[in-house]
Amino acid sequence: MSRNPERQLPVAVLSRPSPGDSRRQTVQPPVRYSPDVEAVRPDEGQIIEQLNAAFDKILTRVAEDSGHAVRSVHAKSHGILEGTLTIDADLPPELAQGLFARAGEHKVYMRMSTNAGDILPDAVSLPRGIALKVLDVEGERLPDAEGTTQNFIMVNGTVFQAPNAEKFLGSLKLLAGTTDRVEGLKVAASTVLRGVNKALHAVGIDSPTIGSLGGAPNVDPLGETYNSLTPFRYGDYIAKFSLVPVAPALTALTGTEIDASGRPNAIRETVQSEMAGIAGEWEFRVQLCRDLERQPVEDPTVEWKEDEAPFQRVGVVRVQPQDSWHPGRVQAVDEEMRFSVWTGLAAHRPLGNVNRARNAPYRHSAEFRERFNRCPIHEPGALR
């Protein structure tokens, strides 16, 4: 028996497509959230303990090598931006949920990064990530979610590299085993893996695993589209999230590769130079689950096809030209804040095995940084 309670309902007409798409798409109505959309595995506690141990290995080695503790994943920042999220007015009921239930404007911080747990030269090309912290969000909080912010964490891919936390643990152990100071070997391996990835892409194959090991294109993060990859509660529904560049100055950078030869911080330098003159604008889009079999909650390696579950705009993130590596902002955001999908509203509860496994390790990593660096980590008030 299908667990999708709405599969037998008549199809609906999508009346709010993403801007630029004038077509009216016929799609299934969105699936309503209920706790039974998740299937909790009996070994999740043990896997989380092993994840913490693998993260500890990364955290400790990097901290001892450099004298400074960084995040266990997405350690290296390429830019810290301050801007606003404007939530669209007159959203239809299925989109007017949680944070997006009311039109308005919120201050945001954006952190651009790559996914390794050590600080590598940018010639080691890895997937890009973006973390978005939305301030002054009202509503019931997730358990132990301090402050009043809503966090979103996304990467420039379409599927997660592992179907569950146990498989991800295997990849993490491999990364933990290579977390050291042998940078030349990693740069050489990245060059080879990029060639392999381009060859696969030429014949229609994309490999998240190769990309995560250093074979991702060395693209400009400002031109990338970012996706949550994993699903979340969306008030009464279930959704994935996306942040899509729409300002012409950003879309002109889409797919542009950065030459990092001899420039260990080439990405940061490029972003800093570009943001000095760019007014950035990204659409925040929501992809509602419409069929639990075709858009599963528990397997993030399955792509939710847009023709079956279209993305729809619910707001716009805007940033004005600024110094993306301003020392005060870097200290306040990169050093004194943490980003977690479990920091936010109960209406946007992370769903699925991978998301459940992210809660304790994210907090564990932040607590390690706080102890080692002797720098309190907290949710933001006013930026100094």
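These legends describe close-up views of a predicted model of one protein chain.

**Figure 1. The whole chain of the predicted model.** The chain holds nine helices and 11 strands. Of its 384 residues, 55% count as buried. Among contacts with a separation of 6 or more, 77% join residues 24 or more positions apart. The accessible surface of the chain is about 16,400 Å², and carbon and sulfur atoms contribute 53% of that area.

Figure 2. The mean pLDDT of the chain is 83, and 80% of the residues reach 70 or more.

**Figure 3. The largest nonpolar core, seen around Phe284.** This core has 57 residues, and Phe100 and Phe284 have the most contacts inside it. With neighbours within four places in sequence left aside, Phe284 is in contact with Phe100, Phe152 and Phe241, among others. Its contacts also include Leu85, Leu132, Met154, Leu243 and Val314. Another core, of 18 residues, lies apart from the largest one; among its members are Leu59, Ala63, Val155 and Leu229. In soluble globular proteins, nonpolar side chains tend to be buried together.

**Figure 4. Helix α7 and the elements that cover its buried residues.** Helix α7 spans residues 327–335. Within this helix, Val330, Ala332 and Val333 are buried, and so are Arg329 and Asp334. The cover over the buried residues of α7 includes strands β3 and β4 and helix α9.

**Figure 5. Asp90, a residue with positive phi in a loop.** Most residues other than glycine have a negative phi. Asp90 is not a glycine, yet its phi is positive, at about 60 degrees. Asp90 sits in the loop between β3 (77–87) and β4 (104–114). The residue is exposed, with a relative accessible area of 74%.

**Figure 6. Arg374, a residue with positive phi after helix α9.** The phi of Arg374 is near 55 degrees, a positive value in a residue other than glycine. Arg374 belongs to the segment after α9, the helix of residues 359–373. Which side of the cut-offs does Arg374 fall on, buried or exposed? Arg374 counts as exposed because its relative accessible area is 79%, and exposed means over 50%.

Definitions and conventions
Residues are numbered from 1 along each chain as its sequence is written. Side-chain values use heavy atoms; hydrogens and water are left out. Helices (H or I, at least four residues) and strands (E, at least two) are DSSP runs, numbered from the N terminus. Buried means under 20% relative accessible area, exposed over 50%, partly exposed in between (1.4 Å probe, protein chains only). Contact means heavy atoms within 4.5 Å. A nonpolar core is a set of buried Ala, Val, Leu, Ile, Met, Phe, Trp, Tyr and Cys residues joined through side-chain atoms within 4.5 Å. pLDDT is the predictor's confidence in each residue, from 0 to 100. Accessible areas come from the Shrake-Rupley method with a 1.4 Å probe; for residues, only the protein chains shown count as cover.
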